[in-house]
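Hello,

Here is the structure we talked about handing over. My notes on what turned up in it follow below.

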Amino acid sequence: MPAFALGLWSYRSVALAAATPLLLLPLPLIGRTKVAECAFVLLLMAVYWLTEVMPLSMTAMLPAVLFPLFGIMKSSEVASMYFKDFHFLLVGVICVASAVERWGLHRRVALRLVMLVGVDPAWLMLGFMSGCAFLSMWVHNTSAVTMVMPIVEAMIQQVLKAEGEPAAGEDNAGLQLDERVELEEEKDRVSTEQQPDAPEQTDAHIQMQTVSEPVVTACRTRRDQLMCKALSISIAYSSNIGGIATLPGTSPNLIFSEYINQIYPECNCINFGNWLLLCLPVSVLMLLLSWIWLHWLFIGSDFSFLWRCGRERSERAKAASRVIEEEYRALGPMSPQEVLTQSVFLLMVLLWLSRDPGFLPGWASLLPQFSSCTTDATVALLLGLLLFIIPAHGPNNKFEAMIRWTDFQASMPWEVALLVGGGFALAEGTKVSGLSSWVAELLTPLGDLPVLATVAVACVIVTTVTEVASNAATITVFLPVLGPLAEAIHVNPLYILIPTTLCTSFSFLLPVSNPPNAVVFAYGHLSTVDMVKAGLGVNLIGVLAVLLAVTTWGVPLFSLDSYPDWAPVLPGFNSTAP
């Protein structure tokens, strides 16, 4: 972007940052009530988060300044909202994810899954999607993409070379398998290259600039181009699809979980096991339907490969198979560090599932103090701390822990931690000021609509907004609005909050919708039109799959067909049920 354009954008950002508080100022001045003052803070943060005139994490600090000034909450009370159980869970999960990345366990898992499904283009795409989705269940979505995409790119180049064609992206060493780009280094490089007056950029925008010039696909045939498009875009989508399956899989899930703990402290049905039972089938269903959709869109409508077997493989398939097998053999046998990391990971999942499964007593019920005090964060943090103590090598070598502070620091999303803390402070402010009750009363007429229609409209709105705004910021803004909406129409709050939380992760349309999209787009195989066409279908698949889940197996799992005892009863409001 030219320097004058960057300067113009910067001045517009400053103007918007200054003008928005002035335009919203009549709210607290005219109303002179805590409700009006809290509404001012909510709208101001929503505008700043959507327009990103300030860094998202710094916008999240506004409640720490404005709530005490307006007399809504004491400064000490606001500060306590910025570090919750969510942050301990995040720290523990990042510790385990850092160990997985440091010792290369993620590559072994991804390659093994691809080898299991085969190297036919369709099966290859499903294999890479499955591997990326599985990794996204436990590590950050962007990390999962940066782990898998270099393997896909190397495989694509070998397949094209096997047919005597130049490979896409081969002139850009930054995209080669052995010279992958580290996200944090690239962020630093981009920031030093920007003009002093350049606007603040999101992670997705930074990812878009990790390649100085777009890589243009050099494939000769349209068939090769479409194969490259299908494999690339499937990686970006599968990372978001896999992330929704577990509570720590993506930021919106964790934000939702802590919001429920904070606003509805007596609700004890949101845990790792119940969430997995609800969302894993959604994730699998979305993955399979998205695979079929992308195959039809890019590869073709011939699905006879599903029942054909035993046919001779083409040169293309043989080349792909050689790449995958060579990469897997290069890993060698599992190292002791990989075995230990895998054991810690499996133990963490097992303890999460068995802590309070619901249908039988879990290990947390063995002692009374365990049942009331332990959470999933306790398990994750305990195992995460052990990784800083357990030696990586034998006693004859110099002591080195399984993970180092530098490994953890490089993976820890501090900006997300601050952003989420601001969301918790905002949610508490709406409750203390009475804004949530005022919104609930305002939304009472919606009780005359079918509940499923209300949920569907909320999902569509959230899915639309999250295409142009951060996922974490989107869910942080909508939770304090949708919670009172559920109370107003006397519906289980989970019936509205769960599907909208899941739909927040469905940002598939644009390269800048989220960092995984931007990382894949930077490889040069895709155009914006490709992502829009494919994303519309995947968005529709996602919304329908979520609505199916909350109207079928989600009902007995969370008692969605009845208004819970842990939610406040607002007298005089319309009553309805799913």
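Gly104 comes after helix H7 and has a positive phi, near 75°. Helices here are DSSP runs of H or I with at least four residues, numbered from the N terminus. The model is predicted, so local features need pLDDT of at least 70 and side-chain atom pairs count only at pLDDT 80 or more, while totals for chains, interfaces and linings use all residues. Residues are numbered from 1 along each chain as its sequence is written, and side-chain values use heavy atoms, with hydrogens and water left out.

H7 itself covers residues 85–102, and its 18 residues should span 26 Å at 1.5 Å a residue; the end C-alpha atoms are 26 Å apart, which agrees. The expected span is 1.5 Å times one less than the number of residues. Of the 18 residues in H7, 14 are buried (under 20% relative accessible area; exposed is over 50%, partly exposed in between, with a 1.4 Å probe and protein chains only).

Most residues other than glycine have a negative phi. His490 is in the loop between helix H24 (471–488) and helix H25 (493–503). Ser559 is in the segment after helix H28 (554–558) and is partly exposed, at 38% relative accessible area.

Salt bridges next. The count comes to five, taking a side-chain nitrogen of Lys or Arg within 4 Å of a carboxyl oxygen of Asp or Glu. One of them joins Asp407 and Arg102, with the closest N and O atoms 3.8 Å apart. Asp407 lies in helix H20 (residues 405–411) and Arg102 in H7, so this bridge ties together parts that are 305 residues apart in sequence. Asp407 counts as buried at 15% relative accessibility, whereas Arg102 is partly exposed at 22%.

Another bridge is Glu338 to Arg108, closest N and O atoms 2.9 Å apart. It links helix H17 (Glu338) with helix H8, residues 105–117 (Arg108), 230 residues apart. Both Glu338 and Arg108 are buried. The charged end of Arg108 also sits over the ring of Tyr328, 5.9 Å from its centre (the rule: NZ of Lys or CZ of Arg within 6 Å of the ring centre and within 35 degrees of the ring normal).

Asp530 and Lys229 form a further bridge, at 2.6 Å between the closest N and O atoms. Asp530 is in helix H27 (residues 528–551) and Lys229 in helix H13 (residues 222–243), 301 residues apart. Asp530 and Lys229 are both buried. Through shared partners, salt bridges join Arg102, Glu400, Arg404 and Asp407 into one network.

As for aromatics, the whole structure has 15 pairs (ring centres of Phe, Tyr and Trp, the last by its six-membered ring, within 6.5 Å; planes under 30 degrees apart are stacked, over 60 edge-to-face, the rest tilted). Among them, Trp138 and Phe345 are edge-to-face, 4.9 Å centre to centre with 85° between the planes. Trp138 is in the loop between helix H9 (121–136) and helix H10 (141–162), and Phe345 is in helix H17 (residues 336–355), 207 residues away. Trp138 and Phe345 are buried. Phe506 and Phe508 have their ring centres 5.9 Å apart and their planes at 20°, so that pair is stacked. Phe134, Trp138, Phe272 and Phe345 form one aromatic cluster.

Regards

Note on methods. Helix = DSSP H or I, 4+ residues; strand = E, 2+ residues; numbered from the N terminus.
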